[in-house]
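Hello,

Here is the structure I promised to pass on to you. Please have a look at it first, and then read my notes below.

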Amino acid sequence: MKVTLAIPLFLATAALAAPVTEPALDPIDIEAIADLETRQFSSGTTSNEFTSGGCRDVIFFFARGSTEAGNMGTVIGPPLAGNLKSTLGASSVAVQGIDYPAAISTNLLPGGADRNGIATMKSLLEQAASQCPNSKLVAGGYSQGAALTHRAIENLSDAVKAKIVGVVTFGDTQNLQDRGQIPNFPKDKVKIFCAAGDLVCSGSLTITAAHLSYTRNAGEAADFLVGKIRG
Ligand SMILES: *[C@@H]1O[C@H](CO)[C@@H](O)[C@H](O)[C@H]1NC(C)=O
């Protein structure tokens with residue numbers, strides 16, 4: 001197996017999942033935070049609009065790929081989130097990255113993803129479903145983050161799964177293993193983006209140029225999720 005991702009980036013990314021607390025903010029504070037985070041978001045690789053701002057009409061949970069920066073990465077997380085916000089309105093969408101180390105080594109675990117990251121994503125989805133009864137949840141992940149998305153969603157209760165209206169994955173390391181779907185979850189709610197020549201989609205962990213090409217799918221992926229949100 002050949003893994004050619006940038007090791008120094010991974011070593012610099014030691015942020016571990018922080019405990020999530022429900023903030024008690026009045027609406028004015030939430031607006032202020034939303035405005036501030038929208039500005040930060042446009043140039044940043046980290047977004048915590050659910051854990052720091054609470055419920056919005058739509059909550060988007062995203063897990064980045066191995067060695068990517070922040071909790072959203074750069075390849076597809078921020079551009080996809082930006083498209084959702086520009087279509088639905090910045091203050092209608094809470095963008096929440098999944099804090100996990102995104103080490104290369106955890107790709108080799110059973111299920112293909114960091115165990116704490118899976119638990120973090122699963123509990124954030126459960127928390128949003130129970131605390132935000134009027135919100136629609138959408139989720140996505142890139143590379144190891146796609147594996148994390150499979151593993152987090154497949155073991156959710158039916159009630160929480162019902163709140164998740166759409167899921168997109170990119171360069172999905174579990175595409176072959178899970179036969180092009182997320183186990184125990186409706187296939188029509190999921191769109192898996194696998195570029196021609198991206199070998200991780202066929203069970204390898206060899207990184208080719210195609211694996212880094214998913215920025216171009218941000219518009220199509222947002223359209224898919226918006227269709228599910230509006231549907
Ligand atoms: C999670 O779901 C998978 C099937 O997709 C199953 O094999 C596994 O045992 C489940 N894990 C738990 C902890 O329920």
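S5 belongs to a parallel pairing with S4 that runs over 4 bridges (strands pair if DSSP finds at least two bridges between them). Helices and strands here are DSSP runs, numbered from the N terminus, with at least four residues (H or I) for a helix and at least two (E) for a strand.

Before going further, two notes on how to read all this. Residues are numbered from 1 along each chain as its sequence is written. The model is predicted, and local features need pLDDT of at least 70, side-chain atom pairs count only at pLDDT 80 or more, and totals for chains, interfaces and linings use all residues.

On confidence, the mean pLDDT (the predictor's confidence in each residue, from 0 to 100) of the protein chain is 86, and 81% of its residues reach 70 or more. Over residues 1–43, however, the pLDDT is below 50, although that stretch has 50 contacts in the model beyond near neighbours in sequence. Where pLDDT is low, the predicted coordinates should not be read in detail.

Now the overall picture. The protein chain has 8 helices and 5 strands, and from the N terminus on they run α-α-α-β-α-β-α-β-α-α-β-β-α. Of its 231 residues, 47% are buried; a residue is buried if 20 or more other C-beta atoms lie within 10 Å of its own, exposed if 12 or fewer, and partly exposed in between, with C-beta atoms placed from the backbone. Two residues are in contact if their C-beta atoms, placed from the backbone in the same way, lie within 7 Å. Among contacts between residues at least 6 apart in sequence, 76% join residues at least 24 apart.

Back to S5, which is covered on both faces: Val190 and Ile192 are buried on one side, and Lys191 and Phe193 on the other. Helix H6 (144–154) is largely enclosed by the rest of the structure, because 10 of its 11 residues are buried. Its cover includes S1, helix H5 (115–131), S3, helix H7 (158–163) and strand S4 (164–170).

Which residues carry the "active site" annotation? According to the unreviewed UniProt entry, they are Ser143, Asp198 and His211. They are spread over 69 residues of sequence, yet they cluster in space, with a largest C-alpha distance of 10.4 Å. UniProt positions are given in the numbering used here, feature names are shortened, and annotations may be inferred rather than shown by experiment.

Ser143 sits in the loop between strand S3 (136–142) and H6. Ser143 counts as buried because 33 other C-beta atoms lie within 10 Å. Leaving aside neighbours within four places in sequence, Ser143 is in contact with Gly65, Ser66, Gly171, Thr173, Val200 and His211.

His211 is in the loop between strand S5 (190–193) and helix H8 (218–230), and is buried too, with 25 other C-beta atoms within 10 Å.

Finally, the ligand is surrounded by Glu154, Asn155, Pro183 and Asn184, where near means a C-beta atom, placed from the backbone, within 6 Å.
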